[in-house]
Amino acid sequence: MRRLAIAALLGPLLALPATAQAAPTALLPESFKDFAFDQHPGTLLPRDVRLRDEAGHTVTTASLFDAGKPLVLVFDYFRCTTLCGVVLGDLAAALVQVPLTPGKDYAVMAVSIDPEDGPADAAVLKARHFDRNPALAGAIHPLVGDPADQGHEVRRLAAAAGFPYRFDEATGQYAHPAGVVLVSPGGTVSRYILGIGYDPTDLRLGLVDASRGAVGSVADHLLLLCYGYDPAQGRYNAEVGRLMQATGAVSILAVGLLLWRATRRPGKG
């Protein structure tokens, strides 16, 4: 995971077009640590941030937070040619494998950090990564800032979520971390899934966790008994002790059910 984290940080700087690679970057290697997520679980995100969707309509963060479902919040810039496409492509591929219903059990909120991105760029992003799956396309909200505020509102939302980014004039690229933020209904930061190449199980458990039990099957909630969230790695790991406890509880319930059924059988005579 350490290599994955380093790759996530270096991606915006190393995976550049040839013309950008020739230009000296203003970001030094020792500053890479400044572009890791500053995790703020439990933080209430600002509800008054005004954004625009792919049709140019104004959307407030409150309208998405109050929809009654957990959100996958991802910050990117839509005309990026390096890491951003990987993050969104991997996210879409993983969500297809998550046994939850897009739009009903969760939604995706993709926010551009580039003030130059507009509604047309948001529409292109949605078509590129999500339109292959109609259900998933209906759950994605690609959002851009208002050009009048020069990116101030998006930066306010990103700062609250702990997502640092900086524009490098020399390369014309943004340096930023890779990962997604899972947000509970109401707008509270729940979990961070870090890096790229997302495990559908991490997203599944994270969304069930973020929903506070409102979504997911009995199997999903049993899995949460067996897995523990590791904030350092930004993923869920199986915990042997919890797994044994959950297995024992299920065994006890099964035995109890058998005894109850035996006592309910009519006697022979």
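Q: Which residue of strand 9 does Gly179 stand opposite?

A: Strands of a sheet pair through backbone hydrogen bonds, in either a parallel or an antiparallel manner. In this predicted model, Gly179 faces Leu194 of strand 9. Another such pair is Val181 and Tyr192, the latter also in strand 9.

Q: In what sense do strand 8 and strand 9 pair, and over how many bridges?

A: The pairing of strand 8 (residues 179-184) with strand 9 is antiparallel and extends over 6 bridges. Their hairpin has 3 residues between the strands, and Gly186 adopts a positive phi near 100 degrees there.

Q: What is the order of the strands in the open sheet?

A: The order of the 5 strands is 5-4-3-8-9, and the pairing is mixed. Strand 5 (140-143) and strand 9 (188-194) form the edges, each pairing on one side only. From one strand to the next, the twist averages 25 degrees.

Q: Which strands does helix 8 touch?

A: In a regular strand, side chains alternate between the two faces of the sheet. Helix 8 (residues 200-210) packs on the sheet and touches strand 3 (71-76), strand 8 and strand 9. The direction of helix 8 makes about 25 degrees with that of strand 8.

Notes. Residues are numbered from 1 along each chain as its sequence is written. This is a predicted model: local features need pLDDT of at least 70, side-chain atom pairs count only at pLDDT 80 or more; totals for chains, interfaces and linings use all residues. Side-chain values use heavy atoms; hydrogens and water are left out. Two strands pair if DSSP finds at least two bridges between them. Helices (H or I, at least four residues) and strands (E, at least two) are DSSP runs, numbered from the N terminus. Axes are lines fitted to C-alpha atoms, for helices over the stretch in contact, and angles run from 0 to 180 degrees between N-to-C directions. Contact means heavy atoms within 4.5 Å.
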